[in-house]
Amino acid sequence: MTTLAHIFRHPVKGLGAEELNQADLKKGNAMPFDRRWAVAHGDADGITSWAPPKNFVNQTHCPRFAQIKTAFTERNHMLSLSHPDRPDIDIQIGSVEGDDALSEWIEPLCAGTMRTPPFMVYTIPDVAFTDFEDTHISIASESSRRALSEKAGVDLQHIRFRMNLWLDGLPPYTELEMVGQEIEIGETRLKITGRDTRCNATAANPNTGHRDINVPKLLHEEFGHMDFGVYAQVMRSGRIRPGDEVSVL
């Protein structure tokens with residue numbers, strides 16, 4: 001039997017993942033409060049709507065971000081962040097004071113990288129700053145992660161991949177062949193719309209904050225492509241919880 005193993009959201013793009021014990025998915029929408037905010041760097045374009053990842057700080061160019069721990073309260077938009085090399089911080093994301101504090105807090109974690117200040121926090125109503133504009137949920141397989149970890153010789157932790165949903169019980173890598181199919185998870189139905197081609201963010205080690213395993217290269221050497229995980233759109237609203245059965249339709 002295939003089940004839902006983990007649910008994650010990333011309230012601020014690139015700044016850690018929060019594991020959830022349930023989520024209410026809505027038809028046509030992204031994961032609630034996933035990538036609702038994003039931090040633009042000094043060389044970003046003018047941000048007036050959804051914008052591509054090159055405009056924002058993230059784990060690709062700032063590998064120390066992989067060490068960030070995140071917690072978010074929906075009711076009042078309080079965001080808690082911790083990092084081994086930074087003081088713990090509690091801010092109200094979206095407020096002037098909170099956004100300024102967040103920009104200051106991440107600056108040392110970007111030092112020496114291509115991402116330079118000034119940093120500015122953005123949020124736009126009904127926009128998720130996902131890697132492409134079409135609203136989606138990202139899904140990966142635990143068996144695929146374990147198989148790839150075995151090839152890599154180290155445990156490739158979830159944060160390297162920054163996915164929303166992790167399924168367990170599928171044969172390794174079979175999710176890549178499910179594009180165009182629909183799945184049911186708990187009360188919801190989702191349509192798999194495409195593969196997720198991986199970037200250098202997956203190389204960031206959350207234990208050290210440094211790059212170690214070149215995951216895109218490893219995938220290409222093993223399979224002739226750099227795909228790991230898939231994208232999906234919510235076709236039927238509903239609540240999901242870890243342990244829910246997953247049915248491939």
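Among contacts in the protein chain (heavy atoms within 4.5 Å) between residues at least 6 apart in sequence, 71% join residues at least 24 apart. Before we go on, a word on what you are looking at: this is a predicted model, where local features need pLDDT of at least 70, side-chain atom pairs count only at pLDDT 80 or more, and totals for chains, interfaces and linings use all residues. Residues are numbered from 1 along each chain as its sequence is written, and side-chain values use heavy atoms, with hydrogens and water left out.

Now the overall picture. The protein chain holds 3 helices and 15 strands; helices (H or I, at least four residues) and strands (E, at least two) are DSSP runs, numbered from the N terminus. Along the principal axes, its C-alpha atoms fill a box of roughly 45 × 40 × 30 Å. The radius of gyration, taken over C-alpha atoms, is compared with a globule rule of 2.2 Å times the number of residues to the power 0.38. For 249 residues a compact globule would come out near 18 Å, and the protein chain has 17 Å, which agrees. Of those 249 residues, 53% count as buried. Buried means under 20% relative accessible area, exposed means over 50%, and partly exposed is in between, with a 1.4 Å probe and protein chains only.

Let's walk along helix α1, residues 96-110. Its 15 residues reach 21 Å from the first C-alpha to the last, close to the 21 Å expected at 1.5 Å a residue; that expected span is 1.5 Å times one less than the number of residues. Which strands do the buried residues of α1 pack against? They pack against β4 (38-40), β6 (78-83), β7 (86-92) and β8 (120-122). Those buried residues include Leu 102, Trp 105 and Ile 106. Asp 100 is also found in α1, but Asp 100 is partly exposed, with a relative accessible area of 48%. Just after the helix, Gly 112 takes a positive phi of about 85°.

Val 39 counts as buried because its relative accessibility is 0%. Leaving aside neighbours within four places in sequence, Val 39 is in contact with residues including Leu 102 and Ile 106, and also Phe 56, Phe 119 and Val 121.

Helix α2, residues 142-152, is mostly covered, with 8 of its 11 residues buried. Among them are Arg 145, Leu 148 and Ala 152. What covers these buried residues includes β1 (2-9), β9 (137-141), β10 (165-168), α3 (215-223) and β13 (227-236). Gly 153 follows α2 with a positive phi, near 85°.

Most residues other than glycine have a negative phi, and most peptide bonds are trans. Asp 126 has a positive phi of about 65° and sits in the loop between β8 and β9. Asp 126 counts as exposed because its relative accessibility is 83%. The peptide bond from Pro 117 to Pro 118 is cis, with omega near 5°, and Pro 118 is in the loop between α1 and β8.

On a 1 Å grid over the protein atoms alone, a cavity is a set of points where a 1.4 Å probe fits but cannot get out; a pocket is an open set with protein on both sides within 12 Å along at least five of seven lines, and lining residues have an atom within 4 Å of a point. Grid points are joined across faces, edges and corners, and a volume is the space filled by probe spheres set on the points.

The largest pocket has about 520 Å³ of space. Of its 20 lining residues, Asn 29, Ala 30, Met 31, Pro 32 and Phe 33 lie nearest its centre. The second largest pocket has a volume of about 350 Å³. Of the 22 residues lining that second pocket, Lys 13, Arg 35, Asp 131, Arg 162 and Cys 199 lie nearest its centre. How much space lies in the largest cavity? About 40 Å³, and its lining includes Arg 35 and Arg 162, along with His 10 and Gln 59.
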